[in-house]
Amino acid sequence: MRCIRLGAGAGYAGDRIEPAAELARDGDIQYLIFECLAERTIALAQQARRRDPQSGFDPLLEARMRAVLPTCAAKGIRIITNMGAANPLGAARKTAAIAHELGLADLKIAAVQGDDVLDTVLAGDYRFEESGTPVAELAGRVISANAYMGAGGMRDALAQGAQVVITGRVADPALFIAPLLHEFGWSLDNCERLGQATVVGHLLECAGQVTGGYFADPGLKDVPQLARLGFPIGEVSEDGSVIITKVASAGGKVTPATCKEQLIYEIHDPKRYLQPDVVADFSEVTVESVGDDRVRVTGGRGHPPTGLLKVSVGYVDSYVGEGQISYGGPGAVARARLALEIVRERLASTGVKTSELRLDLIGIDSLYGPTISRRAAEPYEVRLRVAGRCDSMAEAVRIGNEVETLYTNGPAGGGGATKSAREIIAVQSVLLPSHLAQGSVVMLGATS
Amino acid sequence: MKLRQLAHSRTGDKGNTSNISVIAHDPADYERLLREVTPERVKQHFADVVKGTVVRYELPRLGAFNFVMTLALGGGVTRSLALDAHGKSLSSALLDLELPDS
């Protein structure tokens, strides 16, 4: 049976670059796929693009392309990525310039657009899924609205001969579904295949998270050589079944357990994993070891899509100020609690208005709240952390200041104070009828 | 005994919703986990964190469960004031759940 090998070159925007170069060199792959967009990334990228129209794509695009383009071009490995963020065309032009400089003059590069639906969302009557609040209530604070697009646009770009396909927001698994549609000629109506293709994409999209990254728990779950973790390869057959594996000499491991953790990661109802092209059903999926670092995954199914696309709307939400300081030795926790009370009183008495305030002791209750840790032994050192939400940057700054002044005004022995204040770009979702977002392909050559 | 001895786990996030997998090391323990690790217990365990509901989805073919917890991430990853805004560390605390020995 015919088989396509897909490599995952990144699982998030800041991911390691060497494992992608290793896959291009030693992975015997036909596609190298970089997933680089978190929920809020496009909103931040849109802000960057407003300041500089040439920017708005992934800041690591150049480093990643330089690391893999020569090898990929030589071996005919095609690249697919969402590093276009808020400016896929700008990212494609940048890639074309890099290819030209590297002497890869005949490389065909495609930008796939259509995910930017800001005008449509602002013109319509949409409400946020979680809160039910109308988008219109945010008035002038909305920065971006991007639909999670399906695989169709990327498939078309591949059909037009693109060797590098750069897109903005797409559903992460769609990056991996597109080459399968192209290679095997599966139609977008084939729910069964699209369901299993979603399994493939979901397993690969976080890169190292299926090859032993984010898995190790010494003594219980050991993973070799995480400092040189290998990124995954999905060996996909024409019937949709996949074997997840890695370059043999790379670090990490692929086992049924690593695959199960990634399969369930960030899904809700396993029978209804909503995707733009399909409602995937993971409930009958099975995993089976078929060799060293080789795990066969089958059984993904699917139903027709809902006809609605998830859209991430980015907006200026608030300003958050934060301060931290550490206390140690005997009595550390009592001094830190005293310090928290001092900060709380100071914020009130100096009129710093917060719509939300968190007073944490890192080492005691910052991750899970006070209940879980109440029986734990007292730590030898503890770090106080105060974070508050304000309506202005000027007020947010005062929160960190009130932590810092604990140095000379607070309990004995506080050390290592830090402070920060930042504008919060938040993201919420709306649902948009699918026909209101259409993908389109722009082809570039390396010299353009 | 601790849940950690029978299962492993990973947390994911979408908006203000957190999901935590519980995966039996040995699929033979699936029924036992089904009995002991109920959504009510998980909700109680995370009383300070989860302000919404806990729904448990069963994946018997994987020997696994998926717990989906709403209003669990301080208003959503992108605006939460929490140190761990994604709630990535929740899985480790769930594995601290105490189970009867047999």
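Residues are numbered from 1 along each chain as its sequence is written, while chains are lettered from A and ligands numbered from 1 in the order in which they are written. Because the model is predicted, local features need pLDDT of at least 70 and side-chain atom pairs count only at pLDDT 80 or more, whereas totals for chains, interfaces and linings use all residues.

Ten strands of chain A form an open sheet with mixed pairing, in the order 11-12-8-7-1-2-3-6-4-18; here strands (E, at least two residues) and helices (H or I, at least four residues) are DSSP runs numbered from the N terminus, and two strands pair if DSSP finds at least two bridges between them. The edges of this sheet are strand 11 and strand 18 (440-445) of chain A, each of which pairs on one side only. From one strand to the next the twist averages 25°, with axes taken as lines fitted to C-alpha atoms, for helices over the stretch in contact, and angles running from 0 to 180 degrees between N-to-C directions.

Within this sheet, strand 2 (residues 31-34) of chain A is covered on both faces, with A:Tyr31 and A:Ile33 buried on one side and A:Leu32 and A:Phe34 buried on the other. A residue is called buried if 20 or more other C-beta atoms lie within 10 Å of its own, exposed if 12 or fewer, and partly exposed in between, the C-beta atoms being placed from the backbone. Strand 2 of chain A pairs in the parallel sense with strand 1 (residues 3-10) of chain A over four bridges, A:Leu6 having A:Tyr31 as its bridge partner. Four bridges also join strand 2 of chain A to strand 3 (residues 78-81) of chain A, again in parallel, and there A:Ile33 stands opposite A:Ile80. Together with helix 1 (residues 18-26) of chain A, strand 1 and strand 2 of chain A make a right-handed β-α-β unit, right-handed in the sense that, with the strands pointing away from the viewer, the path from the first strand over the helix to the second runs clockwise.

Elsewhere in the sheet, strand 8 (residues 242-245) and strand 12 (residues 294-298) of chain A run antiparallel and are joined by three bridges, with A:Val242 opposite A:Val297. Helix 3 (residues 61-75) of chain A lies across strand 1, strand 2 and strand 3 of chain A, at about 170° to strand 2 of chain A.

A further open sheet of chain A consists of three strands in the order 9-10-13, with antiparallel pairing. Strand 9 (273-274) and strand 13 (301-303) of chain A stand at its edges with a single partner strand each, so one side of each is left without a neighbour in the sheet. Strand 10 (residues 279-281) and strand 13 of chain A pair over three bridges, and A:Val279 stands opposite A:His303.

Helix 10 (residues 332-349) of chain A has 18 residues and reaches 26 Å from its first C-alpha to its last, close to the 26 Å expected at 1.5 Å a residue, the expected span being 1.5 Å times one less than the number of residues. Its buried residues are A:Ala332, A:Arg335, A:Ala336, A:Ala339, A:Val343 and A:Leu347. Seen down the axis of helix 10 of chain A, these residues fall within an arc of 110°, so they line one face of the helix; the arc is that of the directions from the helix axis to the C-beta atoms. On the other side of helix 10 of chain A, A:Glu341, A:Glu345, A:Ala348 and A:Ser349 are exposed. Helix 10 of chain A is followed by A:Gly351, which has a positive phi near 75°.

The contact between the chains takes 42 residues from chain A and 30 residues from chain B, two residues being in contact if their C-beta atoms, placed from the backbone, lie within 7 Å. Strand 17 (415-433) of chain A is among the elements that each supply at least two residues of the side of chain A that touches chain B, and strand 17 of chain A gives the most to that side, with five residues.
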